[in-house]
Amino acid sequence: MKQRGLILACVLSFFHCLSIKAQSNINADCINAIPLCSNPSFTFNSTSGVGNVSDIPANSNVSNPSTNPASNNSGCLLSGELKPQWLIITVGNAGFLEFVFGASNSPHPQVGFYDWALWPYSPTTCSAIQNNQLAPLRCNWNASSSGGTGIASGSNIPVGGNSGNYEPPLAVLPCQQYIICISNYSGVNTLVSFQSLGSASLSCNPNCLSVNNPSICAGQSATIVAAASGALANLNYSLQPGGLTSPSPTFIVNPMTNTNYTVLASGINTQSAVVTQSAISSVMVGIQPTIAPTLTQATCVNTLTAFQMN
């Protein structure tokens, strides 16, 4: 840590001598974060700046705390966002999230300090970070400029890795999303390899559609409500059987018997591709009770009658 300034100067001088042409990062701002699912690497550029917006202002003690929220390592982006990359990951199946940037044995190993922070992602995340309202779940101010950095259990830290560069695994659920700001502190021009290590898988197109399973009496209407996630835009819904379509996730059906309905949700994902998700709603229909009254008379001379309801 004490030699960061010297190492930074050496790295910058090295790349200056190579006369590498600088490029602008297209995802140097939170709102332009790119999905990191099937991509095995991304690019650091030495002169990209902080983008059009300073997403992590100075003195952001909530969104960018100086104390690590998950370990005894140094925390978080202590120099702010320097030539950053903003990345989004989406969970495919539940488990523990573990990953590494620039492992020593990867095609593009770490060649500088890659400090980073990770927050839960939603449409309001970028605004919340900028306004110092959202705390990171994991972050790391690198202890070493080599050996990779990320989230990993002790047994999953890659060969040559420094434990000070790694944070503990994070338990995650399907379709949860997280955004990462990884800072190019050393100002290098390089590709950075990314690898998923944990039991939780990452997905470009997870099926994140959920629906309710209503129960009704015969002759009544059932309301099917769908809920889509996974950051799909311009959503449209359809229902089968019935052939109904709607921009709304709510459908009214009137089955007379138990019926399974397939709800489809189509929208545009973060890669600008059309994605269709599906889920099955099982509507249970209860039989209406049968009312069969019988007429009784106490005696042959008693005109008072009574009804017995079955």
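Where is the place of Gly-147?

Modeller: The place of Gly-147 is in the loop between S7 and strand S8 (149-151), where strands (E, at least two residues) and helices (H or I, at least four) are DSSP runs numbered from the N terminus. This is a predicted model, in which local features need pLDDT of at least 70 and side-chain atom pairs count only at pLDDT 80 or more, whereas totals for chains, interfaces and linings use all residues. Residues are numbered from 1 along each chain as its sequence is written, and side-chain values use heavy atoms, with hydrogens and water left out.

Gly-147 counts as buried because its relative accessibility is 2%; buried means under 20% relative accessible area, exposed over 50%, and partly exposed in between, with a 1.4 Å probe and protein chains only. Setting aside residues up to four places away in sequence, Gly-147 touches Gly-102, Ala-103, Ser-104, Gln-110, Gly-160, Gly-161 and Tyr-166, a contact being heavy atoms within 4.5 Å. Ile-157 is 10 residues from Gly-147 along the chain, and their C-alpha atoms are separated by 9.1 Å.

Strand S7 (residues 138-140) runs antiparallel to S6, to which three bridges join it; two strands are said to pair if DSSP finds at least two bridges between them. Within this pairing, Arg-138 of S7 is the bridge partner of Leu-118. S6 is also joined to S11 by seven bridges, again antiparallel, and there Asp-115 stands opposite Ser-183 in S11. Six of the seven residues of S6 are buried, so the strand is largely enclosed by the rest of the structure.

Beyond four places in sequence, its contacts include Ile-89, Leu-97, Phe-99, Pro-136, Arg-138, Ile-151 and Tyr-178. The largest nonpolar core has 23 residues, of which Ile-89, Leu-97, Phe-99, Phe-101 and Leu-118 touch the most other members; such a core is a set of buried Ala, Val, Leu, Ile, Met, Phe, Trp, Tyr and Cys residues joined through side-chain atoms within 4.5 Å. Among the strands that each supply at least two residues of this core are strand S3 (85-93), strand S6 (114-120) and strand S11 (177-184). A second, separate core of 17 residues includes Ala-218, Ala-222, Ile-224 and Phe-251. In soluble globular proteins, nonpolar side chains tend to be buried together.

Elsewhere, three strands form an open antiparallel sheet in the order S14-S16-S19. Strand S14 (210-211) and strand S19 (250-253) stand at its edges with a single partner strand each, so one side of each has no neighbour in the sheet. Val-211 stands opposite Ala-226 in S16.

For the protein as a whole, the secondary structure comes to two helices and 23 strands, and 43% of the 310 residues count as buried. Of the contacts between residues at least 6 apart in sequence, 72% join residues at least 24 apart.

As for confidence, the protein averages a pLDDT of 85, and 83% of the residues score at least 70; pLDDT is the predictor's confidence in each residue, from 0 to 100. Over residues 6-24, however, pLDDT stays under 50, and the model has 21 contacts beyond four places in sequence for them. Where pLDDT is low, the predicted coordinates should not be read in detail.
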